[in-house]
Amino acid sequence: MSAKNLSEELFKPRFKHPETSALVRHRTGQTVAVHSTLDGENPVGWYRMINRIMWAWRGLSLLEISEVMARIAVSQAERTDPTRLDTVIGFRNGNWIYEWSRQAGIWQQQALDSADEDAGQFWLRAAHLYSLAAYPHIKGDELAEQAEALANRAYEEATRRLPGELKALEFPIPDGSPITGFLHMPANVDAPYPVVLMCGGLDALQSDHYRFFHDYLAPRGIAMLTVDMPSVGFSSKYKLTQDSSFLHQHVLRGLETVPWVDHTRVVAFGFRFGANVAVRLGYLESARLRGVACLGPIVHSLLTESQRQDRVPEMYMDMLASRLGMTSATSSALRTELGRYSLKMQGLLGRRTPVPMLSGYWQNDPFSPEEDSRLIARSSAEGKLLPVTFSPVMKSFDQALLKICDWIEKRLAR
């Protein structure tokens, strides 16, 4: 089926599918206002966290974001929760997945009608919008899963026309289905490449990391390998377990057979919960890594402190419950299970690892306190702390990524 026909199929009105916010029955009560560079904010009247800054950083315009959110806000259709604008029931006008997918379809059509040079950018815009339609990628959200499929297809179309090269690689997983990762290779550089293994957050698809590759890694001649986190995208058949690095470990081991990559020069880079995976790899696969870099890591405090969990928006806790396969669990059961994901409680963090580790953090980050980053740095033979100022947001974020990539480049030097 063509991409065009897929989108036409997706845009048929449907009313039987459960609305996203109703898929997880776990509730922690009221949360305080949150403002985070990596996660956005939780404005009154919305279920989802709204992250205009990061969505714009990926390549969407603030005007376009506002227009789509306005269409959602003015809808008079029935909502799961009348006090929350993004809970319109059914795949129709005003529904979150419908409106973002509809916007993606506009760019997809422009891509189909354009020459390759422009089409690549249009396909990339469509991929970002389809990914946003599926956000926060709650397990069992059928319409979101369709949007994810369209995001991945649009991304593959985009990367065929953009600088560099993308290869979809399949990695076998013992006693399970293989998973697909995307290897992004820089232009005008000969293989085999040094590579960054990207460990993204729980609310992102592989296509969401394209700008990091294009703007920060490719100019340094570094490749990027993306892999979906468990229960998301191409890894949707796997739920998140206490062995959070299970899939990425097998990917890391499989790099020995990938001819375009220098498997002796690999650094793992983790955002948010992806840092849990990356740091874990730093202990369990230390011989295969030159370094581990983290930004806003979720490795201990949020997983063990109930007061901190109470200050996190409901959507984020729902997302965690979904990843763990605990959509009907009580709050106390979820808290108990989350504690088992703490790398300190697992007996890893706090021990020394020979792998150099860097961790960037923001002051007063509700998801990742400075103490978590200090724990990571203290646990490494060559630990480094990177404080990031909150304002100006985009400039500080850009400078943090540049410093992290400078550090990564040194680790990957021959």
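## A tour of the sheet, the pocket and the cavity

Begin with the open sheet, in which eight strands run in the order E3-E4-E6-E5-E7-E8-E9-E10 with mixed pairing; two strands count as paired if DSSP finds at least two bridges between them, and helices (H or I, at least four residues) and strands (E, at least two) are DSSP runs numbered from the N terminus. The model is a predicted one, in which local features need pLDDT of at least 70 and side-chain atom pairs count only at pLDDT 80 or more, while totals for chains, interfaces and linings use all residues. Residues are numbered from 1 along each chain as its sequence is written, and side-chain values use heavy atoms, with hydrogens and water left out.

Select 165-171 and 384-388 next: these are E3 and E10, the edge strands, each of which pairs on one side only. E3 pairs with E4 (residues 179-185) in the antiparallel sense over seven bridges, and within E4 glycine 181 is found opposite leucine 169.

Move on to the largest cavity, with a volume of about 320 Å³. On a 1 Å grid over the protein atoms alone, a cavity is a set of points where a 1.4 Å probe fits but cannot get out, whereas a pocket is an open set with protein on both sides within 12 Å along at least five of seven lines, and lining residues have an atom within 4 Å of a point. Grid points are joined across faces, edges and corners, and a volume is the space filled by probe spheres set on the points. Of the 23 residues lining the largest cavity, select Leu38, Met54, Arg58, Asp203 and Ala204, which lie nearest its centre. H2 gives the largest share of this lining, four residues.

Then turn to the second largest pocket, of about 210 Å³. Its lining has 13 residues, and those closest to its centre are Arg58, Gly59, Gln121, Leu124 and His128. H2 (52-58), H5 (116-134) and H7 each give two or more residues to this lining, with the largest share, five residues, coming from H5.
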